Amino acid sequence: MAEKQVVPGAAAPAGRTDFAVLTDAARTAERGRFDFFLAEGVTAANALAGFTDTVGLAATLDTTSAEPYDVARRLASLDHLSGGRAAWNTVAPGGERAAEFVDTARTLWDSWAQGVVTVDRDAGRFVSDPTAGAFYHRGRHFDIGGRFTVPRSPQAQPVVIVSGDGPEPGISPPGTAT
C-alpha cells in the first residue's frame with residue numbers, strides 16, 4: 001500500500017487564530033492532493049468540512065478514555081457533514097481492547113442498512129425499517145445494545161487509521177478489518 005500523506009495542524013503565528021491556520025493548512029493539503037488532513041478531535045474536522053471539498057478529514061480520537069458509541073456517533077456525523085470524507089485516527093496503546101473498540105464502532109455504523117431513510121412527509125415516516133439503528137455488541141471489554149441514532153453515512157464506515165502501536169498500524173478503508 002502506498003504511503004498516505006497527512007498534514008498536522010500547525011501552531012498559530014502571531015496575529016492569527018488557530019482556526020485560520022488550520023483552514024489554510026487544510027486547503028494547502030487539498031491543493032497538494034493529500035489523502036488526509038489530520039485534525040485534533042472532531043470539532044475542528046467538522047468545522048473544516050465547510051472550508052474544504054476533497055481532502056479527507058481525519059479526526060484523532062483515542063480508544064482508552066472514550067466510549068465506542070460516542071466515537072461512532074461523532075465520526076458518522078463528520079462523515080455526513082463532509083460528504084463522505086471522514087477518517088478516524090485512532091490513538092491506541094495496542095491490544096485487544098483497542099481492536100474491540102474499533103469493531104464495536106463498526107457494529108454501530110453497520111446498524112443502519114443502505115436505503116432505509118425514506119422521508120415520507122405525507123405518511124409521517126422517516127425510515128422504511130423500524131429496526132434501523134438497532135444494535136447489540138457483547139465482547140470482553142464492551143457490552144452494549146440499543147439504537148444508534150445517526151443514519152448510515154455516505155461511506156457507511158469512516159476510514160480507520162491506526163496510529164502508534166495499535167493492533168495493526170496502517171490504514172483500513174471502510175468495510176475492512178483493522
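## Basis

Residues are numbered from 1 along each chain as its sequence is written, and side-chain values use heavy atoms, with hydrogens and water left out. In this predicted model, local features need pLDDT of at least 70 and side-chain atom pairs count only at pLDDT 80 or more, while totals for chains, interfaces and linings use all residues.

## Packing of H3 and H4

Two packed helices are described by the angle between their axes and the distance between the axes. Helix H3 (residues 68-82) packs against helix H4 (residues 96-109) at an angle of about 55°, and their axes are 9 Å apart. H3 is therefore oblique to H4 (under 35 degrees is roughly parallel, over 145 roughly antiparallel, 65 to 115 roughly perpendicular, and the rest oblique). Axes are lines fitted to C-alpha atoms, for helices over the stretch in contact, and angles run from 0 to 180 degrees between N-to-C directions. Helices (H or I, at least four residues) and strands (E, at least two) are DSSP runs, numbered from the N terminus.

On the H3 side, the contact (heavy atoms within 4.5 Å) is made by Pro68, Tyr69, Val71, Ala72, Leu75 and Ala76. On the H4 side, Phe101, Thr104, Ala105, Leu108 and Trp109 take part. These residues divide into ten nonpolar, one polar and no charged (Ala, Val, Leu, Ile, Met, Phe, Trp, Tyr, Cys and Pro count as nonpolar, Asp, Glu, Lys and Arg as charged, and the others, Gly among them, as polar).

The model has four salt bridges (a side-chain nitrogen of Lys or Arg within 4 Å of a carboxyl oxygen of Asp or Glu). Asp70 pairs with Arg74, with the closest N and O atoms 2.9 Å apart. Both residues lie in helix H3, four residues apart, about one turn of the helix. Asp70, Arg73 and Arg74 are linked in a network of salt bridges.

Asp70 is partly exposed at 24% relative accessible area, and Arg74 is partly exposed at 34% (buried is under 20%, exposed over 50%, partly exposed in between, with a 1.4 Å probe and protein chains only).

## Other salt bridges

Glu96 forms a salt bridge with Arg140, the closest N and O atoms being 2.8 Å apart. Glu96 lies in helix H4 and Arg140 in the loop between strand E7 (134-138) and strand E8 (143-147), so the pair ties together parts that are 44 residues apart in sequence. Glu96 is partly exposed at 45%, whereas Arg140 is exposed at 66%.

Asp120 forms a salt bridge with Arg125, at 3.5 Å between the closest N and O atoms. Asp120 is partly exposed at 27%, and Arg125 is partly exposed at 46%.
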